[in-house]
Amino acid sequence: MLTTAARAEQENEVVSATTALFTAMMRQDGAALSLPVDVVPEAFPRVRFLPAEDVRAFVVELVETLRATETIDNPAPVARVIESWKHTAEVHADPEVHASLTTDATDHGPATEPPDNV
């Protein structure tokens with residue numbers, strides 16, 4: 001997709017303004033954090049698999065990362081936050097995977113070297 005530099009700058013300004021607005025609201029009033037927490041399942045349906053405190057943590061991390069990336073003009077950190085929380089939701093969605101990752105595992109000792117002929 002081709003776009004002009006002016007159009008890309010306009011899109012960046014819109015994202016920056018939206019992020020600044022959310023950040024300012026959250027800093028002014030802790031209750032304002034409930035709004036993004038309440039609406040984030042519409043944008044990221046997978047958060048329904050997360051515990052409530054993790055949904056709040058995701059929103060805070062996402063907004064803070066969006067704000068920080070404004071200064072570097074690189075969306076990669078935001079993509080990493082979204083991807084990381086996606087994987088966290090996947091773990092919570094599968095009871096077997098969640099149990100295997102949250103229960104104490106038996107230590108079978110150090111791993112052995114594989115045979116040379118493999």
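## Glu 70, a residue in a loop

You'll find Glu 70 in the loop between H3 and H4. Helices like these are DSSP runs of H or I with at least four residues, strands are runs of E with at least two, and both are numbered from the N terminus.

Which residues is Glu 70 in contact with, leaving aside its neighbours within four places in sequence? They are Ser 16 and Thr 19, where contact means heavy atoms within 4.5 Å. Glu 70 and Ala 5 are 65 residues apart along the chain, and their C-alpha atoms are separated by 16 Å.

## What kind of model this is

This is a predicted model, so to speak of a local feature takes a pLDDT of at least 70, side-chain atom pairs count only at pLDDT 80 or more, and totals for chains, interfaces and linings use all residues. Residues are numbered from 1 along each chain as its sequence is written, and side-chain values use heavy atoms, with hydrogens and water left out.

## The whole chain

The protein chain has 5 helices and 0 strands, and reading along the sequence gives the pattern α-α-α-α-α. Its radius of gyration is 20 Å, well over the 13 Å that the globule rule gives for 118 residues, so the chain is more spread out than a compact globule. That radius is taken over C-alpha atoms, and the globule rule is 2.2 Å times the number of residues to the power 0.38. Along its principal axes, the C-alpha trace spans about 60 × 40 × 25 Å.

How much of the chain is buried? Buried residues make up 22% of the 118 residues. Looking at contacts with a separation of 6 or more, 47% are between residues 24 or more positions apart.

## The nonpolar core

In soluble globular proteins, nonpolar side chains tend to be buried together. Here, the largest nonpolar core has 15 residues, and Val 40, Phe 44 and Val 47 are among those with the most contacts inside it. (A nonpolar core is a set of buried Ala, Val, Leu, Ile, Met, Phe, Trp, Tyr and Cys residues joined through side-chain atoms within 4.5 Å.) Helices H2 (34-43), H3 (52-69) and H4 (76-93) each supply at least two residues of this core. The largest share, 5 residues, comes from H3.

Setting aside neighbours within four places in sequence, Val 47 is in contact with Val 40, Pro 41, Val 55 and Phe 58.

Is Thr 65 buried or exposed? Thr 65 counts as buried, because its relative accessibility is 15%. This residue lies in helix H3, and Thr 65 touches Pro 77, Val 78 and Val 81, not counting residues up to four places away in sequence.

Now look at Asn 12, which sits in helix H1 (residues 5-28). Asn 12 is partly exposed, with a relative accessible area of 27%. From Asn 12 to Asp 38 there are 26 residues in sequence and 25 Å in space, C-alpha to C-alpha.

Key
Buried means under 20% relative accessible area, exposed over 50%, partly exposed in between (1.4 Å probe, protein chains only).
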